[in-house]
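Here is a short briefing for a first look. Please keep the sequence and the model side by side as you read.

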Amino acid sequence: MTNRKLTLFIAASLDGYIATKEDSLEWLFAVEGEGDNGYSAFYEMIDTVLLGKRTYQWLLDFESEDFPFPYKDKACYVFTNSNLPAHEHATFIDDDVTSFLQELKQKPGKNIWLVGGGDLIHSFYEKDLIDEIIVTVSPVLLGNGIPLFKESNHSLNLTLKQTQTFNQFVELHYEVRR
C-alpha cells in the first residue's frame with residue numbers, strides 16, 4: 001500500500017467562498033501576493049489532479065495560447081456524468097468517488113490534488129476522503145458565492161501543521177485527524 005494523500009489545495013475569501021456566484025475568481029487575482037503564493041512547491045508534490053466538470057469547463061473557457069491547459073504534466077481526472085468531448089490531457093470519470101480514490105491510492109505515485117469545485121469537494125468531504133486541507137485565505141469578503149464547504153451534518157477534526165504568509169495571503173495547512 002502506498003502513502004499517497006488526497007490534498008485539498010485551494011484559495012478562499014476570508015468569509016469562506018472559493019468563487020463568486022458567476023464562477024469569477026477576479027477577486028483573488030486583485031490581491032497582492034508573493035511570488036506564486038506557494039503554488040510551485042505544492043505542485044511538485046503531486047502527480048494527479050481531480051476536477052469537477054464546472055472547474056474543468058472554466059479552465060477550457062480560458063484556455064488559449066497565453067493560458068494553456070495547466071495540468072498537461074499530471075494525470076488529470078474530471079468527475080462528470082455528462083458526455084464531454086475528448087481532451088488529450090483529461091480522463092473523464094463517472095464513478096463513485098470512494099472506489100475511484102481507493103483504487104488510485106493503491107497505485108504508486110505522489111500525492112493527489114483535489115482542485116475543486118465546490119460540488120466535488122463536498123462529495124469527498126462527505127465520504128471523509130480528504131487527508132489534508134491547505135487553504136490560502138485572501139483578505140476579501142465576498143458576502144456570497146460558491147462556499148468552500150457546503151452545509152453538512154458531517155464534521156472533521158483537523159490538526160494545524162503549518163502556516164505561511166505570502167504578502168496579503170495566509171496559507172493554513174491542516175491534516176485530517178482520524
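This is a predicted model: local features need pLDDT of at least 70, side-chain atom pairs count only at pLDDT 80 or more; totals for chains, interfaces and linings use all residues.

A UniProt record, an unreviewed entry, lists residues 4-168 as "domain: Bacterial bifunctional deaminase-reductase C-terminal". Strand β10 covers residues 169-176. It pairs with β7 and with β9.

**The annotated span**
- Residues 4-168 are 24% helix and 30% strand.

**Strand β10 and its partners**
- Strand β7 takes in residues 132-138. It runs antiparallel to β10, and six bridges join the two.
- Within β10, E175 stands opposite E132.
- Strand β9 takes in residues 158-166. It also pairs with β10 in the antiparallel sense, over eight bridges.
- F166 has F169, in β10, as its bridge partner.
- β9 and β10 form a hairpin with two residues between the strands. N167 takes a positive phi there, near 55°.

**Loop residue T80**
- T80 sits in the loop between β4 and β5. Strand β4 spans 75-79, and β5 spans 91-93.
- Is T80 buried or exposed? Its relative accessible area is 8%, which is under the 20% cut-off, so T80 counts as buried.
- Which residues does T80 contact, leaving aside neighbours within four places in sequence? They are K53, F92, I93 and D94.

Methods
Residues are numbered from 1 along each chain as its sequence is written. Side-chain values use heavy atoms; hydrogens and water are left out. UniProt positions are given in the numbering used here, feature names are shortened, and annotations may be inferred rather than shown by experiment. Helices (H or I, at least four residues) and strands (E, at least two) are DSSP runs, numbered from the N terminus. Two strands pair if DSSP finds at least two bridges between them. Buried means under 20% relative accessible area, exposed over 50%, partly exposed in between (1.4 Å probe, protein chains only). Contact means heavy atoms within 4.5 Å.
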